[in-house]
Amino acid sequence: MYSTAEIQGLLGPGTLQSFMGRHQRQETSVGEQSLGLGVDFQGGRMKSSLTFGSLFSGIGGMDLGLEQAGLQCRWQVEINEYACRVLAKHWPSVRRHGDVRTFPPDDGLSWGVDLIAGGFPCQDISLAGKGAGLDGVQSSLWFEFIRIIRVIRPRYVLVENSPGL
């Protein structure tokens, strides 16, 4: 298990930021609120200028939730062919790449987003797994997640995984 300081060391200085406390909801006018993140509520509907990229997209569950929260999906990375067909059906105009190990396929400048979201494979760290940890074949893809964060340098990162982490 890695501490916050160890993760900060892996990501590089200034990358890991505290989200809570800095971005509290602020009243802007009657019926409108702002989170201070480029996400505003107008007439009860969420409106955002924030963009996100999705790693380990699966069939897009996290992507759907982020879109329902008002963010715009710019790209998805998924290796499973069936999942890619589902993503293509529901997000036909979103760029896709097939493997986190070769993403981004260039210097990363054209893949810039405000948020990178994803849940890397948990088989090796799950309480139901064999306990190989982050050095396991599947869960070691976490280090690809870190590499991609370093290349793209988003403002925010959302990581989902099992409690065994």
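Which residue just after α4 takes a positive phi? In this predicted model, where local features need pLDDT of at least 70, side-chain atom pairs count only at pLDDT 80 or more, and totals for chains, interfaces and linings use all residues, that residue is R153, with a phi of about 55°. Residues are numbered from 1 along each chain as its sequence is written, and side-chain values use heavy atoms, with hydrogens and water left out.

**Helix α4**
- Helix α4 spans residues 142-152, helices being DSSP runs of H or I of at least four residues and strands runs of E of at least two, numbered from the N terminus.
- Its buried residues (under 20% relative accessible area; exposed is over 50%, partly exposed in between; 1.4 Å probe, protein chains only) are W142, F145, I146, I148, I149 and I152.
- Seen down the axis of α4, these buried residues fall within an arc of 160° (taken from the directions from the helix axis to the C-beta atoms), so they line one face of the helix.

**Salt bridges**
- Three salt bridges (a side-chain nitrogen of Lys or Arg within 4 Å of a carboxyl oxygen of Asp or Glu) are found in the whole structure.
- D114 pairs with R155 at 3.7 Å between the closest N and O atoms, and because D114 lies in the loop between β7 (95-97) and β8 (115-118) and R155 in the loop between α4 and β9 (156-159), the pair ties together parts 41 residues apart in sequence.
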